[in-house]
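Open the model in your viewer and keep the selection tool at hand. We will go from stop to stop, picking residues and looking at what surrounds them.

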Amino acid sequence: MVASAALVDGAAAVAPGGSVASAPTRGTRRRDWKGYLYVLPAFVVFAVFLGMPLLQTVWYSFWNWNGFGTATWAGLDNYTEIVSDPSILRSFGHSGVLIVFYSFVPVAVALMLTAILSRSPRLRGLGLFRTLLFLPQVIASVVVATSWIAIYSPDGLINQGLRAVGLEGVTRAWLGDFDTALPAIGLVGTWLGIGLCLVLFLSGVATIDGELFEAVRLDGAGLWREFFAITLPAIRGHIVIALTLTIVAALKTFDLVYVTTRGGPGSATTVPAFEAYNRAFNTREVGSASAIAVTLTVVILLITLAVSRLQPKEDPR
Amino acid sequence: MRITRGEALLNYGVLTLFSLMAVVPLIGVVLTSLTPSGQAGGGLRVPDRLAFENFSEAWDIGRFGSYLLSSVIVTVSVVVLTTVLATFAAFAFARMRFPLSNTIFYLMLVGLMLPAEAFVIPLYYNLRSVGLTDSYWALILPQTAQSLAFAVFWLRNQFRQFPDGIVEAARIDGAGDIRVLWRIIVPPSRPAIITMCLLISMWTWNEFLIPLIMVTRESLRTAPLGLAFFQGQHATDFALLSAAGIIVAAPIVLLYVVAQRHFISGMIGGSVKG
């Protein structure tokens, strides 16, 4: 959820690390060796339980290991496997599909809604709507998954709705069907994303000076002109954040797949995070699992970096 | 600004429609959880009587009392540990000068972007080799490490905004670093600290992968993990599953209802403002 925080901060903090006796910029920021004592406990926990294992994952990815016997050196085999093994390639392809559902669709829908809503950011009762729209964000993904299993079940909400409008022929077990399982999981992401993006964009719109709208409207601008001239530029930073958060969420998808389909039917819904878990702890291919995990991490970092380049230079708020 | 009546209606219509889309699946869960066990089909239908027994049945069969207890132990420990460690670290990062401070800070921020898969595989084998898997430590310490990135980042921002003059004055009065931190800087930072604690509670409570990998003993299972196993055993008993889902989600949803401003401003602010 907070994936982009560091990124945004990167531009803001420019103090050089370990600078020599330059005059302190703030009165209380003295050169202070005690600083290490304050940082040490947190750093040790970070290093032992996150930093070191992260490096080990890279190391593991160069070995073939089943988790208990002796490991054999694999060199780059586990990485060449990623591009040659169709099941791994497919899982990354599935991530691409999920990005559309998790990110592009919600951002587009939320932008459209924002265009309609931006004229009245201080609508009465907005707080209640915001609370409801944001509610899915705080519900455990395992609970979300079990709820959607019910919704997609043969007598669930979706099929019930289809029958109600006379589309009996379309009904099916959505999560069990090779063609619909992946989009069905994607739609859960869309459901999660729309509220998040809308709340994010509205918080951006709330910072726009209302008189801007008045001025443009006096010029006779319509809804769309108004949107492109005022709203869109004002919330550009928020759009970048929304893209980052939702794309990263799509790439990190694990809980939903694990609980709803375990990658099935067949391998119709495998995703890299699930492949990595499955190989590390079920099929005992720890090296291959590590290589997938490393690749996934690199993909996430690269995409985050690429998206952040769309960020306007000045602070969006 | 002024908007016409028609526009206001349109706005309310749009907001209502999408708010409904957000909550209808959840209303479905609530209705299903109150439908007598045999009749629940997973759809939206008003039960002819309110079957509250689903909750007690899910609680007993699913052993959710034990799962909730584990979740509470783990969540409280992670929040307390993270807050204490991060407060000291953020204080140093925000208000002290020492070589490599920024390097160390950005290193720790790496945790913000990493998928858990990037570190859990070796972490599992490390902890197993020292006999720590299947213990609360295996749940608490890795999640503390994960939360520290956000907590240090969040608190450093907060502590940097603190006016220098007051700190200077306290120092002149002879206050040491510890005293400055706990007596001068922490008290007015309380809202930010509460927001942070709420977000970390939510992330820890809802976490699934780390408990899935680290523990096999049933008594250590956290609520989401327990629900996943329960789902495996009662795949089509939607009434029971919905009741169980509500039990698992309720503590955080209640926190959210009480403190929604903290949640929304924290999650939006944490990502926007930096």
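The tour below starts with confidence and then visits helices, cores and rings.

This is a predicted model, in which local features need pLDDT of at least 70, side-chain atom pairs count only at pLDDT 80 or more, and totals for chains, interfaces and linings use all residues. Residues are numbered from 1 along each chain as its sequence is written, chains are lettered from A and ligands numbered from 1 in the order in which they are written, and side-chain values use heavy atoms, with hydrogens and water left out.

**Confidence**

Now select residues 1-29 of chain A, where pLDDT stays under 50. The model has 69 contacts beyond four places in sequence for this stretch, a contact being heavy atoms within 4.5 Å.

**An annotated span in chain B**

Select residues 68-259 of chain B, which an unreviewed UniProt entry annotates as "domain: ABC transmembrane type-1". UniProt positions are given in the numbering used here, feature names are shortened, and annotations may be inferred rather than shown by experiment. The span is 77% helix and 0% strand, and its end C-alpha atoms lie 21 Å apart. Helices (H or I, at least four residues) and strands (E, at least two) are DSSP runs, numbered from the N terminus.

**A loop and a helix**

Go to A:Asp219, in the loop between α9 (210-218) and α10 (223-234) of chain A. Is this residue buried or exposed? A:Asp219 counts as exposed because its relative accessibility is 68%; the classes are buried under 20% relative accessible area, exposed over 50%, and partly exposed in between (1.4 Å probe, protein chains only).

Next, pick B:Thr32 in helix α1 (residues 5-33) of chain B. B:Thr32 counts as buried, at 5% relative accessibility. Beyond four places in sequence, its contacts include B:Asn54, B:Phe238 and B:Ser242.

**The cores**

A nonpolar core is a set of buried Ala, Val, Leu, Ile, Met, Phe, Trp, Tyr and Cys residues joined through side-chain atoms within 4.5 Å. The largest has 186 residues, and A:Phe201 and B:Met214 touch the most other members. Around A:Phe201, look for contacts including A:Val107, A:Leu111, A:Ile235 and A:His238. A second, separate core of six residues includes A:Ile88, A:Ala276, A:Ala291 and A:Ile292.

**Rings**

There are 36 aromatic pairs over all chains. Rings of Phe, Tyr and Trp (its six-membered ring) pair if their centres lie within 6.5 Å; planes under 30 degrees apart count as stacked, over 60 as edge-to-face and the rest as tilted. Show A:Trp59 and A:Trp73, a tilted pair with 6.0 Å centre to centre and 50° between the planes. A:Trp59 is in helix α2 (residues 34-60) and A:Trp73 in strand β2 (residues 72-73) of chain A, so the pair ties together parts 14 residues apart in sequence.

Then show B:Phe64 and B:Phe230, an edge-to-face pair at 5.4 Å and 80°. They come from helices α3 (residues 64-95) and α11 (residues 223-233) of chain B, 166 residues apart, and both are buried.

Finish at B:Arg221, whose charged end sits over the ring of B:Phe229, 3.8 Å from its centre. Here the criterion is NZ of Lys or CZ of Arg within 6 Å of the ring centre and within 35 degrees of the ring normal.

Key. pLDDT = per-residue confidence, 0-100.
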